[in-house]
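This briefing sets out selected features of the structure shown below.

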Amino acid sequence: MIPVKPHRRPGRTLLSVLSLAVSFGMLVSLISVSQGIEGAAEGKLGDQPRDMIISSQGIDPSIDHSHSRSEKLQDDGNFSASMPVLTLVGRLGFSSKASLSDPFIHPPERFSAPGDLRTETAGLVGLVPGMAEPFISEEDSLLIRNELFRYHDWFEEPEDPFHRSNYTTGFTGSMLIEDRMADRYHLEKGDPVFFIDRSGEVSASFRVIGTFGTSLMGDGLSSDLVGGIAIVHLGELQYLTGNHHGDMATAIYLDLEEDRKDRETQKEIAISLERQFPGLQVTSKEMRLYRLEDEIAVLSVFSVVVGAVTVVIGLFFLSSIMMMSVEERRREMMILRAIGISRRSIFMGVIAEALLVASIGSVLGLVPGFLGTGLLDSYMRSFYGVDIPFTEVSPPTIIISIALTLLCAFVFSIIPAVRAVSIGRLRDLA
Amino acid sequence: MNIELTGVDKVYRVGKRLVHALNDVDLVLKEGELVSIIGPSGSGKTTLLNIIGGLERPTGGRVMVGKKDITHLPDRTLSSLRLRTFGFVFQSFFLIPHLTAIENVMVPMREAGRTRSASRRDAGTLLKKVGIENRAHHLPMQMSGGEQQRVAIARALANDPPIILADEPTGELDSGNSRMIMGLLRDLNREEKRTVVVVTHDPQVAKACTRNYRISDGTLSH
């Protein structure tokens with residue numbers, strides 16, 4: 001093999017190495033985003049003991065007698081836990097001047113809305129805290145309608161006393177509020193938050209008892225349409241939104257008993273639930289994972305394809321530079337042939353040079369790759385306001401990426417190598 | 001190892017025109033001779049040298065190197081012949097520009113299968129032999145013409161070939177360096193009994209050789 005000394009042509013070598021390093025760095029960053037999102041999505045679902053969901057087909061609450069039906073499902077032997085949930089969009093009011101010691105329903109005559117009341121559309125979640133607790137993961141997170149809530153605090157009252165009293169007494173007014181909303185309105189524990197009814201009147205007040213964070217990847221409650229999310233007792237939200245007639249809810253979440261988790265049994269249970277709840281949607285965790293995997297597969301493939309395209313572009317660049325180099329080194333190739341160097345040696349020399357440059361470029365590309373990964377992760381955490389990893393770089397991925405880049409470099413250097421061995425006629429040397 | 005050409009023709013096509021570079025050339029070079037082939041520019045002398053060295057194939061006739069008919073050998077075999085049997089010295093030196101002097105000499109050694117360390121050691125010895133060991137780690141552009149030609153001679157000797165083919169070796173050198181280079185070639189012939197064939201247009205160079213041929217318009221005469 002002819003001697004490979006790319007460092008003796010520093011300008012050209014540097015160009016090739018840099019182009020590959022940048023391309024490879026982008027590939028690593030994009031693959032890390034793809035893997036991170038995939039991992040975050042699967043982790044989000046994977047940890048949640050929410051094996052099945054009965055839900056309304058649309059956005060309106062369609063499950064009646066939600067409290068009693070949830071309790072009954074828990075007793076039928078198939079489920080270890082059940083949780084009715086009501087999710088709506090409503091309006092909340094915030095004031096820096098108001099200081100109310102007790103929450104209320106309907107404005108008392110003595111109460112007048114403070115002059116600085118600011119209102120905002122919010123996602124509202126009603127649940128029974130005691131029934132929701134089995135669904136909270138070890139990391140204090142709860143998944144509701146594809147929104148992951150990470151709790152800092154929790155309700156003191158586990159039951160739903162307002163519902164139990166048939167919506168007459170026991171209104172707790174306890175509210176958990178999302179971090180970003182709390183920050184925006186400078187809310188602390190004990191501060192009041194007002195419920196604004198459809199006529200625009202203050203019809204109730206709540207007291208902030210704690211906050212929570214949300215994840216991205218939600219297409220349910222957290223969106224550009226709402227300024228934040230608030231969680232209250234189910235019965236209290238039902239009453240304020242007129243859903244107390246019939247004890248309406250949007251969904252019932254169910255956790256299967258361990259011995260009921262095989263696919264066949266899940267299928268039978270799902271069919272039974274569809275009969276019990278006609279007109280409603282029954283979904284299992286497996287089906288949701290499948291749908292989610294389908295969605296993130298598209299994102300993953302897109303990321304990998306874009307990353308691969310950048311590497312291919314870098315390799316095209318390398319190949320072009322090598323072609324130019326071979327053309328400029330025509331005489332050198334002819335001299336080598338004249339003094340007895342075989343075509344095979346020349347061919348292997350060109351390939352070796354390409355592989356060397358690609359290796360250096362790939363390894364150097366890890367630096368911008370990791371930097372890019374870190375920057376992307378920081379940006380996405382900041383943009384979505386949540387503290388979950390959006391990127392993931394695994395050693396096998398790096399090794400496979402480097403191996404594939406070298407394989408492609410080999411392929412892209414074949415044409416310049418073939419050109420090198422067929423260059424010129426030896427008699428033209430003289 | 002004798003070299004024998006019998007009835008060798010070489011015809012080129014240049015556009016639509018046919019150029020008869022060599023016409024029915026007969027030549028016998030005995031082992032250990034120092035021979036010159038002198039002729040003006042365009043006479044066919046370089047073509048003749050290329051055919052002897054397997055750089056080109058004749059259009060007609062036969063070329064024997066030792067007992068081997070190399071006329072129709074495949075390219076791979078000719079490469080091996082050029083690597084081990086012939087040592088080429090060119091007018092324009094033709095060193096690899098991005099390799100140092102010692103690396104240039106090592107190239108054919110490594111191609112012949114020798115290890116890097118052995119090649120480096122032997123290349124150093126050859127550079128010392130041609131009097132240029134102090135420039136071993138310099139690039140060609142850092143050397144004078146005479147120095148480059150000495151490196152080229154060292155490279156030609158890399159695999160200890162029995163035959164040296166030199167195409168206008170002093171063509172780009174001044175008289176002092178020319179004498180020095182011819183002196184080297186003469187020493188290779190006298191002391192090491194190598195066959196040396198020098199193609200030149202310079203009568204002074206031809207004088208230094210023991211036997212001379214004249215070529216004109218592709219026809220060789222003694």
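The model discussed here is predicted. In chain B, the axes of helix H3 (residues 101-111) and helix H5 (residues 145-156) come within 8 Å and cross at roughly 25°; H3(B) and H5(B) are therefore roughly parallel to each other.

**Chain B overall**

- The secondary structure of chain B consists of 7 helices and 10 strands.
- Chain B has 222 residues, of which 51% count as buried.
- Among contacts in chain B with a separation of 6 or more, 69% come from residues 24 or more positions apart.

**Packing of H3(B) against H5(B)**

- The crossing of these two helices, H3(B) and H5(B), is right-handed.
- On the H3(B) side the residues involved are Ala101(B), Asn104(B), Val105(B) and Pro108(B), and they meet Val151(B), Ala154(B) and Arg155(B) of H5(B).
- Sorted by class, the contact of H3(B) with H5(B) contains 5 nonpolar, 1 polar and 1 charged residues.

**Packing of H3(B) against H4(B)**

- The axes of H3(B) and helix H4 (residues 116-129) of chain B also come within 8 Å, and they cross at roughly 125°.
- Angles from 65 to 115 degrees count as roughly perpendicular and those over 145 as roughly antiparallel; H3(B) and H4(B) are therefore oblique to each other.
- The crossing of H3(B) with H4(B) is right-handed.
- H3(B) contributes Ala101(B), Ile102(B), Val105(B), Met106(B), Met109(B) and Arg110(B) to this contact, while the residues from H4(B) include Arg116(B), Ser119(B), Asp122(B), Ala123(B) and Leu127(B).
- By class, the contact of H3(B) with H4(B) comprises 8 nonpolar, 2 polar and 4 charged residues.
- Ala101(B) and Val105(B) of H3(B) take part in the contact with H5(B) and also in the contact with H4(B).

**The four-stranded sheet of chain B**

- Four strands of chain B form an open sheet in the order E2-E1-E4-E5, with antiparallel pairing.
- E2 and strand E5 (68-69) of chain B are the edge strands; each has a single partner strand, so one side of each is left without a neighbour in the sheet.
- Strand E1 (residues 3-14) and strand E2 (residues 17-29) of chain B run antiparallel and are joined by 9 bridges, with Leu5(B) opposite Leu27(B) in E2(B).
- The hairpin of E1(B) and E2(B) has 2 residues between the strands, and Gly15(B) there takes a positive phi near 65°.
- E1(B) also pairs with strand E4 (residues 60-65) of chain B in the antiparallel sense, over 5 bridges; in this pairing Ile3(B) stands opposite Val65(B) in E4(B).

**Pro58(B) in its loop**

- Pro58(B) lies in the loop between helix H1 (45-52) and E4 of chain B.
- Because 24 other C-beta atoms lie within 10 Å, Pro58(B) is buried.
- Pro58(B) and Val8(B) are 50 residues apart along the chain, yet their C-alpha atoms are separated by 6.2 Å.
- Beyond its neighbours within four places in sequence, Pro58(B) is in contact with Val8(B), Asp9(B), Lys10(B), Ile51(B), Val63(B) and Thr71(B).

**Contact between chains A and B**

- The contact between the chains involves 16 residues of chain A and 20 residues of chain B.
- On the side of chain A that touches chain B, helix H9 (residues 330-338) of chain A gives the most, with 3 residues.
- That side of chain A has, by class, 8 nonpolar, 3 polar and 5 charged residues.

How values were computed:
Residues are numbered from 1 along each chain as its sequence is written. Chains are lettered from A and ligands numbered from 1 in the order in which they are written. This is a predicted model: local features need pLDDT of at least 70, side-chain atom pairs count only at pLDDT 80 or more; totals for chains, interfaces and linings use all residues. Axes are lines fitted to C-alpha atoms, for helices over the stretch in contact, and angles run from 0 to 180 degrees between N-to-C directions. Angles under 35 degrees count as roughly parallel, over 145 as roughly antiparallel, 65 to 115 as roughly perpendicular and the rest as oblique. A crossing is left-handed if the near helix is turned anticlockwise from the far one by less than a right angle, and right-handed if clockwise. Two residues are in contact if their C-beta atoms, placed from the backbone, lie within 7 Å. Ala, Val, Leu, Ile, Met, Phe, Trp, Tyr, Cys and Pro count as nonpolar, Asp, Glu, Lys and Arg as charged, and the others, Gly among them, as polar. Two strands pair if DSSP finds at least two bridges between them. A residue is buried if 20 or more other C-beta atoms lie within 10 Å of its own, exposed if 12 or fewer, and partly exposed in between; C-beta atoms are placed from the backbone.
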